[in-house]
Amino acid sequence: MKQLWVLLLLATLTACQSHNPYVADSTPLPPAPAQAAQQLDRSAYPAAPRDYASYRTWSWQRLPAGTAWASSEQVQKALSNALDQRGLRPYRAGAAADLRVSAELRLEQRIRQVTESYGSQYGHSRYGDEYGMWGSAPLVRSYTEEVMVVHIELFDGKNGQPIWSASAETLSSGNQSERASALRNAVQQALAAYPPK
């Protein structure tokens, strides 16, 4: 057995002494093109941080469409009030708006699951000490709810680039005044993170 180990060790040492067919070699980088020294590649640098404080006025990119759930005027009023609370004012005629605003309402289905634990316990002694068998089993119930999703997008007024977007949702049930209140709350939730920090 000892001789086998010695032979294995010698074979390994012999393999390490053999010639390595691989040679380290590298090719130098080609020279830069002549125009590279005169042109600045702005894509190589991160974009400058956006100054959200420079946005003061807004106008509609397109008016929101009304639905059976809320009229276009209700959406416009809710969004106008929410933007006003963030220091954004409607633009005046003759001046360009800093922001263009787009809003959309749509109905979507959500499946909500509720888990309830049901348990039982068997057996009590005369003195109130518990004994016997007990346990619980989860009961999962699924409900389908219809929600109204409010999606808001803000675009730069000068170049039209999208600068911010958010969505929020609310249950689509209730009477007309409850729906109006729910719409206002959903718009406030959607704009809660504007301006970004």
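User: Which residues are linked in a network of salt bridges?
Analyst: This is a predicted model. In it, the network takes in Glu-104, Arg-106, Glu-108, Arg-110 and Glu-169.

User: What does Arg-106 form a salt bridge with?
Analyst: One partner is Glu-104, with the closest N and O atoms 3.6 Å apart. Arg-106 also meets Glu-108 in a salt bridge, at 2.6 Å from N to O.

User: And Arg-110?
Analyst: Arg-110 forms a salt bridge with Glu-108 as well, the closest N and O atoms being 2.8 Å apart.

User: How exposed is Arg-106?
Analyst: Arg-106 has 30% relative accessibility, so it counts as partly exposed. Glu-104 is partly exposed too, at 38%, and so are Glu-108 at 21% and Arg-110 at 25%.

User: How many salt bridges are there in the whole structure?
Analyst: A search finds eight.

User: New topic. Where is Thr-115 found?
Analyst: Thr-115 is in strand 3, which covers residues 99-121. Its relative accessibility is 54%, and exposed means over 50%, so Thr-115 counts as exposed.

User: What is Thr-115 in contact with, leaving aside its neighbours within four places in sequence?
Analyst: Pro-138, Leu-139 and Val-140. Leu-139 is 24 residues away along the chain, but its C-alpha atom is 5.6 Å from that of Thr-115.

User: Now helix 3. Which of its residues are buried?
Analyst: Ala-180, Ala-182, Leu-183, Ala-186, Val-187 and Ala-190. Seen down the axis, they fall within an arc of 165°, so they line one face of helix 3.

User: Why would residues three or four places apart point the same way?
Analyst: An α-helix has 3.6 residues a turn, so residues at that spacing point the same way.

Technical notes
Residues are numbered from 1 along each chain as its sequence is written. This is a predicted model: local features need pLDDT of at least 70, side-chain atom pairs count only at pLDDT 80 or more; totals for chains, interfaces and linings use all residues. Side-chain values use heavy atoms; hydrogens and water are left out. Buried means under 20% relative accessible area, exposed over 50%, partly exposed in between (1.4 Å probe, protein chains only). Helices (H or I, at least four residues) and strands (E, at least two) are DSSP runs, numbered from the N terminus. The arc is that of the directions from the helix axis to the C-beta atoms. Contact means heavy atoms within 4.5 Å. A salt bridge is a side-chain nitrogen of Lys or Arg within 4 Å of a carboxyl oxygen of Asp or Glu.
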